[in-house]
Amino acid sequence: MVIHVQAVNITVTDFTGPGVNQPVSGPLWVWNGGPGGAANEDNETEATVGVRTPQGQKWDLEMFAIESGSLKIVGGYDFIKGVTGATPGDLFIKVGGAPPSHEPLNYSSRIINGPYYGYDYAVDLSHGFSTGKVNVYDLGPSSVLQTAENDFFGSNPWKFYSTPEAILSTAVAYATYGAGYRGLLGDGNSSPQFLAAWEKTDRHNELSIDLDFLAIEPGTPIYFSYTMGCGNDMLKGILTVPDGGATFALLGIALGGLLLIRQHP
């Protein structure tokens, strides 16, 4: 039996957002009336002193949500093709413990997982998902990751590089929607100077990742992180599994009703 429940926003304000302990100081780079949506991540990309990232719907990572045992990643960003100079990254997941670090704040193609992040899984989204299945790397302390080119935005890490650990797999699905999807804004009212013609369709993209490979103890925090190659925008999410269920495979049944009360600003 599968019970479908309302999607639950688990997005938290990223490392360069307002009201957070920022690794760098500087103004938000916003458009279309300013940030909004989940944790002020809609219509916002990263910025720091002296550096402004490209604006626009095609760069925008907007929401993490949980629905019926799957993680939803939503944005104007194209999770398959990316954008010129901003190729898709991998999804990183940490189970339990303290929140992962965003450091180091410089580009590196070889960063050891343990000293900085402690991520437990990397879902391989950077190599495409036309088959409906992707690899999931079971990370250890010595696993090697790659950071984004503009790490001074605090968007790390970008994608998986190598690991001695096991390889799993999980199902993924991809869909596109119009403006206003899941309460998110489009760019229809934005200043035209930074809108490509196709962006004016206000397209939203949703990537769904089956999380049934996770087995979680109740009360455990789970941290999610995603960014594109240049670090132009990032998404961070946190979910604490409530008492009443121990696995994500049961999310649609055992945890569904409880998750509806777990909301992040």
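## Strand β9 and its surroundings

Four bridges join strand β9 to strand β17 (residues 221-227), and the two run antiparallel. Strands here are DSSP runs of E with at least two residues, helices are H or I runs of at least four, and both are numbered from the N terminus. Two strands count as paired if DSSP finds at least two bridges between them.

Residues are numbered from 1 along each chain as its sequence is written, and side-chain values use heavy atoms, without hydrogens and water.

Strand β9 spans residues 91-95. Strand β11 (residues 121-123) also pairs with β9, antiparallel and through three bridges. There, Leu91 faces Val123. Four of the five residues of β9 are buried. Buried means under 20% relative accessible area, exposed means over 50%, and partly exposed lies in between (1.4 Å probe, protein chains only).

The largest nonpolar core has 34 residues. Such a core is a set of buried Ala, Val, Leu, Ile, Met, Phe, Trp, Tyr and Cys residues joined through side-chain atoms within 4.5 Å. Ile73, Leu91, Leu125 and Phe224 touch the most other members. Strands β7 (61-67), β8 (70-75), β9, β11, β12 (133-138), β16 (204-210), β17 and β18 (234-240) each supply at least two residues of this core. Phe224 has contacts, meaning heavy atoms within 4.5 Å, beyond four places in sequence; among them are Ile10, Phe64, Leu71, Leu91 and Leu239. Another core lies apart from the largest one. This other core has nine residues, including Phe92, Ile111, Tyr137 and Leu145.

Strands β10 and β13 (residues 144-146) run antiparallel and are joined by two bridges. They belong to an open sheet of three strands, ordered β10-β13-β14, with antiparallel pairing. Strands β10 (111-112) and β14 (159-162) are at the edges with a single partner strand each, so one side of each has no neighbour in the sheet.

Ala166 counts as partly exposed because its relative accessibility is 41%. Beyond four places in sequence, Ala166 contacts Val136, Tyr137 and Asp138. Its C-alpha atom is 7.8 Å from that of Leu139, 27 residues apart along the chain.

Step back to the whole chain. The chain holds two helices and 18 strands. Of its 265 residues, 53% are buried. Among contacts with a separation of 6 or more, 71% link residues 24 or more positions apart. The accessible surface, from the Shrake-Rupley method with a 1.4 Å probe, comes to about 10500 Å², and carbon and sulfur atoms account for 54% of that.

How far does confidence reach? The chain averages a pLDDT of 80, and 79% of the residues score at least 70. pLDDT is the predictor's confidence in each residue, from 0 to 100. Confidence is highest in β9, at 97, and lowest in helix α2 (residues 251-259), at a mean of 38. Over residues 252-265 the pLDDT is below 50. Residues 190-195 stay under 50 as well. Where pLDDT is low, the predicted coordinates should not be read in detail.
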